[in-house]
Amino acid sequence: LTNYTLTLLVVFFLPTRSPPVLPSVLRLRDLAGPEDRAEVGGWDCSFPRDPSVLEPSGNTQSTGSLLAEFFSFFGGLELGRLLLSPLEGRALPRPPPDPPGGLRPGPLTLQDPFELSHNVAANVPPRTVRRFCRCCREASKFCRGPEFRHKSRRGRPWGVLGLLQPAGTPEKDTEGFVIPIPLRPRGGPGGFREVCEAVGFVLGDVLGCRCHPGGDRGTPQDGEELALDRGDTEEPPPGS
């Protein structure tokens with residue numbers, strides 16, 4: 001799931017609220033004036049450049065409420081049977097396989113809102129889609145609990161921070177909790193130490209975290225695999 005895919009999932013989700021938080025891309029196209037008309041590669045990419053022509057959203061939900069609904073929404077969809085259309089701001093029946101040059105459906109079919117023949121999630125494998133839906137259901141359950149809505153009095157992660165923990169109860173040390181980061185060397189150990197040092201610099205010197213590679217308090221060795229999140233044995237597809 002690339003950043004562009006995740007961003008489009010949010011863009012697709014927000015027009016589905018009642019009332020919508022964002023207008024659909026098709027609505028933006030309808031509001032575009034003559035000076036806003038644009039065509040790129042044969043695709044209509046028009047949208048209004050003046051935000052004053054947009055109707056203010058009547059949605060008054062909090063960010064936390066929308067976040068919880070995002071997880072509940074995607075955790076309950078049968079993604080394999082749908083085409084997610086940010087253009088129309090709604091889910092459509094998944095189309096049949098198209099000849100070369102057309103939209104290629106997959107386990108997750110998320111249509112680019114401008115280049116309509118492009119499924120931005122075409123390379124996402126079925127197990128990643130299943131894991132995404134499972135994580136959304138778990139996150140939705142957490143968002144309905146008191147740990148998300150109220151600050152913890154026992155020093156446990158709460159609110160959005162609780163969503164960033166590994167599955168299950170967070171592992172604790174003497175001063176806080178531990179978040180395993182799944183860094184694995186690929187193609188041999190060359191350069192892996194430099195990657196670990198760069199990640200360690202950002203986490204330690206920039207963010208003020210304490211880093212312990214692989215659950216060990218020592219120095220990482222060449223080719224060492226850092227700990228995976230508990231319950232996660234799925235490896236990313238080659239080339240990711």
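Colleague: Glad to sit down with you; what are the ground rules?

Modeller: This is a predicted model, so local features need pLDDT of at least 70, side-chain atom pairs count only at pLDDT 80 or more, and totals for chains, interfaces and linings use all residues. Residues are numbered from 1 along each chain as its sequence is written, and side-chain values use heavy atoms, with hydrogens and water left out.

Colleague: How many helices and strands are there in the chain?

Modeller: The chain has six helices and seven strands, in the order α-α-β-β-α-β-β-β-α-α-β-β-α. Helices are DSSP runs of H or I with at least four residues, strands are runs of E with at least two, and both are numbered from the N terminus.

Colleague: Why is D36 called buried?

Modeller: Buried means under 20% relative accessible area, exposed means over 50%, and partly exposed is in between (1.4 Å probe, protein chains only). D36 has a relative accessible area of 7%, so D36 is buried. It sits in the loop between α2 and β1 (39-40). Leaving aside residues up to four places away in sequence, D36 touches S46, F47, P48 and R49, where contact means heavy atoms within 4.5 Å.

Colleague: And what makes V21 partly exposed?

Modeller: Its relative accessibility is 24%, so V21 counts as partly exposed. V21 is in the loop between α1 and α2, and its C-alpha atom is separated by 5.6 Å from that of S57, 36 residues apart along the chain.

Colleague: How do you know that the buried residues of α1 line one face of the helix?

Modeller: In helix α1 (residues 3-13), the buried residues are T5, L8, L9, F12 and F13. Seen down the axis, they fall within an arc of 135°, so they line one face; the arc is that of the directions from the helix axis to the C-beta atoms. They pack against α3 (63-75), β3 (82-85), β4 (90-93), β5 (109-110) and α4 (126-143).

Colleague: What does UniProt list for residues 1-23?

Modeller: The unreviewed UniProt entry lists "signal peptide" for residues 1-23. UniProt positions follow the numbering used here, feature names are shortened, and annotations may be inferred rather than shown by experiment. In the model this span is 48% helix and 0% strand.

Colleague: What makes E69 and R17 a salt bridge?

Modeller: A salt bridge needs a side-chain nitrogen of Lys or Arg within 4 Å of a carboxyl oxygen of Asp or Glu. For E69 and R17 the N to O distance is 2.7 Å. E69 lies in helix α3 and R17 in the loop between α1 and α2, so the pair ties together parts that are 52 residues apart in sequence. R17 is buried because its relative accessible area is 15%, while E69, at 26%, is partly exposed.

Colleague: Why is V206 called exposed, and which nonpolar patch is it part of?

Modeller: V206 has a relative accessible area of 53%, so V206 is exposed.
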